[in-house]
Amino acid sequence: MDPLPKNHGLGLAIHKSFGSIVSTVIEVSSNAPGIIKLQKAWVVIDCGKVVNPDIVKAQMEGGFIFGLSAALGEEITLKDGRVEQSNFHDYQVIHMNQMPEVNVHIVDSNELPGGIGETVIPALAPALTNAIYAATKKRIRRLPITKEGFHLGELI
């Protein structure tokens with residue numbers, strides 16, 4: 001692999017649950033303070049014997065979107081004892097034009113089948129924050145990342 005361009009960073013995280021192991025790698029860039037751009041992502045899952053690889057891929061992609069949205073900006077806030085968010089206009093999920101290319105690789109295995117539902121989510125925020133640190137040298141200590149002054153720019 002060629003060296004990454006300046007202000008780009010890779011983050012890696014691995015998680016094991018439900019009899020499966022999932023590794024997530026995310027590449028981000030940051031050309032302005034507090035703005036990150038998602039470049040690419042890779043998800044590798046070892047979930048044992050696979051019956052339908054398309055379902056595994058769909059679960060990884062859907063879980064990736066869910067976990068990424070949560071890490072980037074989803075937040076439920078309370079004011080005067082009431083939830084402030086009422087629908088998607090004030091509870092933002094990631095938009096299609098902000099999604100990076102996500103490459104899913106399924107490890108060929110003869111082990112017993114493991115779980116695939118949402119197994120990618122626990123490794124996603126750590127991979128993202130590791131990538132942000134690699135690109136900006138600023139550690140993320142709270143989620144969503146907007147609490148640390150970072151926002152998502154458009155996809156390059």
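This is a predicted model: local features need pLDDT of at least 70, side-chain atom pairs count only at pLDDT 80 or more; totals for chains, interfaces and linings use all residues.
Residues are numbered from 1 along each chain as its sequence is written, and side-chain values use heavy atoms, without hydrogens and water. Local features need pLDDT of at least 70 and side-chain atom pairs pLDDT 80 or more, while totals for chains, interfaces and linings use all residues.

The structure holds 4 salt bridges (a side-chain nitrogen of Lys or Arg within 4 Å of a carboxyl oxygen of Asp or Glu). One of them joins Lys57 and Glu61, at 3.6 Å from N to O. These two residues are 4 apart in helix H1 (residues 53–72), so about one helical turn separates them. Helices (H or I, at least four residues) and strands (E, at least two) are DSSP runs, numbered from the N terminus. Lys57 is partly exposed, at 38% relative accessible area (buried is under 20%, exposed over 50% and partly exposed in between, with a 1.4 Å probe and protein chains only).

A salt bridge of 2.9 Å, N to O, links Lys147 and Glu75. Lys147 lies in the loop between helix H2 (121–136) and strand E7 (151–152), and Glu75 in the loop between H1 and strand E4 (78–79), so the pair ties together parts 72 residues apart in sequence.

Lys138 and Glu148 also form a salt bridge, at 3.6 Å from N to O. Lys138 is partly exposed at 36%, whereas Glu148 is buried at 15% relative accessibility. Salt bridges with shared partners join Lys138, Arg142 and Glu148 into one network.

On the surface, Leu12, Ile14 and Ile21 form a nonpolar patch with about 290 Å² of accessible area together. Patches are made of residues with over 30% relative accessible area and no salt bridge, with like charges joined within 9 Å and nonpolar side chains (Val, Leu, Ile, Met, Phe, Trp, Tyr) within 5 Å. Accessible areas come from the Shrake-Rupley method with a 1.4 Å probe, and for residues only the protein chains shown count as cover. Ile21 is found in strand E2 (residues 20–32).
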